Amino acid sequence: VLLLFLCCLSPAAAGKLLVIPVEGSHWLSMKEVLAELSKRGHEIVVIAPDSKMLIDSSGIYELKTYPVPFKKEDIEEHIRSFSASCFSEEPFLTRFLNTWDHFRQTSAIFQASCRSLLYNKEMMKYIEESKFDAIFTDPLTPCGQIIALHFSIPTVFFLRSVPCALDIHAAQSPDPPSYVPRILSLNTDHMTFPQRVKNFLISISETFTCSIIFSPFESLASDFLQKPMTLTQLLSHGSIWLKRLDFVFEYPMPVMPNMIFIGGINCGQKKPLSQ
């Protein structure tokens, strides 16, 4: 009986994966995963804007592009400006306002790219007819998740974090401001009372800031899916969260069972230090 049962089992079949990445350093880590998936026989299709910078053609996946209303040079200049502000030693309020402005600009670029993809009839027809098994995407821009919900395809998120802890809230993880330090606060997970108050005020400001930054995406998702949709509701449908974090460098925080920490992937391509 056992022998007959084993004969009925079929070997694991390779899947068909749709990849909707985010440009820049986010893509470099994601490409490492795609290389491994390709070795295991999975069929991979990457969809990217035609003004891409680092997303290139490769033998490990099929690359499809779509037109967008901005140039490659615009993206490069924006990334240079944002990178410079990250190393600024200006006062907290100045850094906060600069970061908010860069997030707003980034959101506008991503939203324009997403709209171009969602309303590209040829690309949408291709996705529908291809019958993908899963979507692999970075939720920093929720375009992949909008497509996943539209075509009822499971989603695997690949990320470090999302502004305003939207990933934490979408996955329904506990996020107490008294114990989890907020970005730009310079607090640790052991805070004095004034630091907890500061952390709490930052968490309130995040709600206001991200409602402005991500409201275009919420409007886009609601219009495309034909029902009211917040960004938290949109991301809450993700099946698995692969987070490029590690508690060696990050302060401990509560996580959900479908959140998997893969911080070591950031060291996939290592070089010896100079003298």
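Colleague: Leaving aside its neighbours within four places in sequence, which residues is S51 in contact with?

Modeller: Contact means that heavy atoms lie within 4.5 Å, and by that rule S51 is in contact with V68, F70, K71 and K72 once its neighbours within four places in sequence are left aside. This is a predicted model, in which local features need pLDDT of at least 70 and side-chain atom pairs count only at pLDDT 80 or more, while totals for chains, interfaces and linings use all residues. Residues are numbered from 1 along each chain as its sequence is written, and side-chain values use heavy atoms, with hydrogens and water left out.

Colleague: Where is the place of S51, and is S51 buried or exposed?

Modeller: S51 belongs to the loop between β2 (43-49) and β3 (62-66); helices (H or I, at least four residues) and strands (E, at least two) are DSSP runs, numbered from the N terminus. Buried means under 20% relative accessible area, exposed means over 50%, and partly exposed lies in between, with a 1.4 Å probe and protein chains only. S51 has 8% relative accessibility, so it counts as buried.

Colleague: How many residues has the largest nonpolar core, and which have the most contacts inside it?

Modeller: A nonpolar core is a set of buried Ala, Val, Leu, Ile, Met, Phe, Trp, Tyr and Cys residues joined through side-chain atoms within 4.5 Å. The largest core here has 50 residues, and L117, I127 and I147 are those with the most contacts inside it. If we set aside its neighbours within four places in sequence, I127 is in contact with L18, I47, F132, I147 and F151.

Colleague: Let us turn to charged side chains: how many salt bridges does a search of the whole structure find?

Modeller: Side chains of opposite charge can pair when their charged atoms come close. We call it a salt bridge when a side-chain nitrogen of Lys or Arg is within 4 Å of a carboxyl oxygen of Asp or Glu, and the search finds 7 of them in the whole structure. One joins R80 and E77, at 3.1 Å from N to O, and both residues lie in helix α3 (residues 72-86), 3 residues apart, which is about one turn of the helix. R80 is exposed, with a relative accessible area of 52%, whereas E77 is partly exposed, at 45%.

Colleague: Which residue forms a salt bridge with D167?

Modeller: The partner of D167 is K243, and their closest N and O atoms are 2.7 Å apart. D167 lies in helix α7 (residues 166-170) and K243 in strand β6 (residues 240-243), so the pair ties together parts that are 76 residues apart in sequence. D167 counts as buried at 2% relative accessibility, and K243 counts as buried at 2% as well. Another salt bridge joins R182 and D175, with closest N and O atoms 2.9 Å apart, and salt bridges that share partners join D175, R182 and E206 into one network.

Colleague: In which sense do strand β5 and β6 pair?

Modeller: Two strands pair if DSSP finds at least two bridges between them. Strand β5 (residues 155-159) and β6 pair in the parallel sense over 4 bridges, and V156 stands opposite I240 in β6. β6 also pairs with strand β7 (residues 259-261), in the parallel sense over 3 bridges, where K243 has F261 as its bridge partner in β7.

Colleague: Which cysteines form a disulfide?

Modeller: A disulfide is a pair of cysteine sulfur atoms within 2.5 Å, and the count by this rule is 1. C114 and C143 form it, with their sulfur atoms 2.4 Å apart. The torsion about their S-S bond is about 90°, so the disulfide is right-handed. The pair links distant parts of the chain, with C114 in helix α4 (residues 92-118) and C143 in helix α6 (residues 143-151), 29 residues apart.

Colleague: How many aromatic pairs does the structure hold?

Modeller: Rings of Phe, Tyr and Trp (its six-membered ring) pair if their centres lie within 6.5 Å, and planes under 30 degrees apart count as stacked, over 60 as edge-to-face and the rest as tilted. The structure holds 6 such pairs. The rings of Y126 and F132 have centres 6.2 Å apart and planes at 70°, so this pair is edge-to-face. For F157 and W241 the centres are 4.6 Å apart and the planes are at 55°, so the pair is tilted. F157 in strand β5 and W241 in strand β6 are 84 residues apart, and the pair thus links distant parts of the chain; both residues are buried.
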